[in-house]
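Visitor: I'd like to learn how to read charged pairs and helix packing in a model. Where do we start?

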Amino acid sequence: DSGELKKESDFWGLMWLALAAGVGVAYLCEGWLGLHVQYFISATYKTQYLADMLRQHIGFFDEDQNAHGAITARIASDTKELEELLGLNLATLLSGVFIVVGCIAVSLAFGWKLALVAAFVTMPIMLFSGYWKYRHEVQFNKINSAVFTESAQFATEAIGAIRTVSAL
């Protein structure tokens, strides 16, 4: 009996190790795929963004919000936001959604009373806190983007002015 128990515990220990290795490989693939998609989309979007900017009419560039420093900052920041949306963050979000749905399904199968309490009490609290964090991050990013655009525009115009002064 003791030998059988030892054999069973070794088997299930190895199964947990195999499961952990499988999860590790899955997360590695998820990260690699997310980064690959992120950089591919970023490169494509930057190219298209720049091409569209170069096709604008001349009056477009005379407006203050479309100075070359502001446009450069906009190209850099907009593509960065797109990278953050469609790269690892999207992969992590999808993974999290599948994990939550799977956990709810398993918990409903094994203990439906506790699963209902968890789903209708703790989930709304977690969702509200996530929304609150997201809302504050969006507000911070708007403020940060405005400051960055203004400083990039100023720096670009100052560098351009240095060339003009040195030429004179």
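Guide: Start with a definition. A salt bridge is a side-chain nitrogen of Lys or Arg within 4 Å of a carboxyl oxygen of Asp or Glu. Side chains of opposite charge can pair when their charged atoms come close. Keep in mind that this is a predicted model.

Visitor: How many salt bridges does the structure hold?

Guide: Four. One of them joins the side chains of K6 and D10, at 3.3 Å from N to O. Both residues sit in helix 1, four residues apart, about one turn of the helix.

Visitor: Which residue does E83 pair with?

Guide: E83 forms a salt bridge with K80, and the closest N and O atoms are 3.7 Å apart. Both lie in helix 3, residues 68-86, with a spacing of three residues. Burial has a cut-off: under 20% relative accessible area. E83 has 7%, so E83 counts as buried. K80, at 42%, is partly exposed.

Visitor: What about D52?

Guide: D52 bridges to R55, with the closest N and O atoms 3.6 Å apart. D52 is partly exposed at 35% relative accessibility, while R55 is exposed at 64%.

Visitor: Now packing. At what angle do helix 1 and helix 4 pack?

Guide: About 140°, with axes 8 Å apart. Angles over 145 degrees count as roughly antiparallel. Helix 1 and helix 4 are therefore oblique to each other.

Visitor: Which residues meet there?

Guide: From helix 1, Y27, E30, G31, G34, L35 and Q38; from helix 4, L88, A91, T92, S95 and I99. By class, that contact has five nonpolar, five polar and one charged residues.

Technical notes: Residues are numbered from 1 along each chain as its sequence is written. This is a predicted model: local features need pLDDT of at least 70, side-chain atom pairs count only at pLDDT 80 or more; totals for chains, interfaces and linings use all residues. Side-chain values use heavy atoms; hydrogens and water are left out. Axes are lines fitted to C-alpha atoms, for helices over the stretch in contact, and angles run from 0 to 180 degrees between N-to-C directions. Helices (H or I, at least four residues) and strands (E, at least two) are DSSP runs, numbered from the N terminus. Angles under 35 degrees count as roughly parallel, over 145 as roughly antiparallel, 65 to 115 as roughly perpendicular and the rest as oblique. Contact means heavy atoms within 4.5 Å. Ala, Val, Leu, Ile, Met, Phe, Trp, Tyr, Cys and Pro count as nonpolar, Asp, Glu, Lys and Arg as charged, and the others, Gly among them, as polar. Buried means under 20% relative accessible area, exposed over 50%, partly exposed in between (1.4 Å probe, protein chains only).
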